[in-house]
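Please examine the sequence and the three-dimensional structure shown below.

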Amino acid sequence: MSNEAVVLKDVWVHYNSTPVLEDVNLVVKEHDFLGIIGPNGGGKSTLLKVILGLVEPSRGTVTVFGKNPQKARKYIGYVPQYSLLDINFPISVWEVVLMGRLGQVGLLRRYSDCDRKKALEALQIVEMLDYKDRIIGSLSGGQRQRVFIARTLAEEPKLLLLDEPATGVDIVRQEEFYKLLEKLKEKMAIVLVSHDIGAISVHVDKIACLNRKLYYHNSKELLPEDLEAAYECPIDLIAHGFPHRVLKKH
């Protein structure tokens, strides 16, 4: 049985005849932890939306767990860069996480004991159970991000897509967040989009660089010429036995 979670073959995406993704080929396997870096406007968020089935490629094929992305969406958890949830709205952490079960129960049905159990388990995984009665707006940025992850985990996804999840989160909380993701990869595949190469290169198992074209070698290594092609400026790489990369100012 195939262990491929996502397969993109010769994928192109155009917005108003302008190419946003060019000839992208990518395979993400179950339990992969893939980080995708690249400059702003390079197509990272668009790539996630292609996997979700929210953006239709101009050319090429996309499968998620062997299915059309729209049909496989129930297996995908997605945490966008900016949550649509109004943090000033008086809703509790518990209610936010339960919303992750709406796809199972529908809008007009009540939550079952099973739904509540899944929400509790999700809060335990992200270590936010003690905060379940707090109002979401009273939490720090890092705590809110954990709650949004819990809401997604309540859906029981097999693939987790994260778009700039550490934006607005302080360094200490970022480290805790990435350690959480390292635990989650035991249960699912994770694709994490970020502009912060220094932070994610330490934590992910594999890394790709995207600026319309995807530079990926199914490993944690990126060639200097790949980075220079993607960022369109000279790049210095420094490695001392521990994955660490430094970019020149530009």
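A residue is called buried when its relative accessible area is under 20%, and exposed when that value is over 50%. The model to which these terms are applied here is a predicted one.

Helix H6 covers residues 171-184. With 14 residues at 1.5 Å a residue, H6 should span 20 Å, and the 20 Å between its end C-alpha atoms agrees with that expectation. Which residues of H6 are buried? They are Gln174, Phe177, Tyr178, Leu180, Leu181 and Leu184. Viewed down the axis of H6, the buried residues fall within an arc of 155°, and they therefore line one face of the helix.

Attention now turns to a sheet. Three strands form an open sheet in the order S2-S1-S4, and their pairing is antiparallel. The edges are held by strand S2 (18-29) and strand S4 (59-64); each has a single partner strand, so one side of each lacks a neighbour in the sheet. From one strand to the next, the twist averages 15°. Strand S1, made up of residues 4-15, pairs with S2 over eight bridges in the antiparallel sense. Within this part of the sheet, Val11 stands opposite Val24 in S2. Helix H1 (residues 44-52) lies across S1, S2 and S4, and its direction makes an angle of about 120° with S1.

Ser92 is located in the loop between strand S5 (76-79) and helix H2 (93-98). Is Ser92 buried or exposed? Its relative accessible area is 12%, and because this is under 20%, Ser92 counts as buried. When neighbours within four places in sequence are left aside, Ser92 is in contact with Lys132, Asp133, Arg134, Ile135 and Ile136.

These elements belong to a protein with eight helices and nine strands. Of its 250 residues, 48% count as buried. Among contacts with a separation of 6 or more, 63% are between residues 24 or more positions apart. The protein exposes about 12,900 Å², of which carbon and sulfur atoms supply 51%.

Methods. Residues numbered from 1 in each chain as written. Predicted model: local features only at pLDDT ≥ 70, side-chain atom pairs only at ≥ 80, totals over all residues. Heavy atoms only, no water. Helix = DSSP H or I, 4+ residues; strand = E, 2+ residues; numbered from the N terminus. Buried < 20%, exposed > 50% of the residue type's maximum accessible area, 1.4 Å probe, protein only. Contact = heavy atoms within 4.5 Å. Areas by Shrake-Rupley, 256 points an atom, 1.4 Å probe, with all protein chains shown as cover. Expected span 1.5 Å × (residues − 1). Arc of directions from axis to C-beta. Pairing = 2+ DSSP bridges. Axes fitted to C-alpha atoms, helices over the stretch in contact; angles between N-to-C directions.
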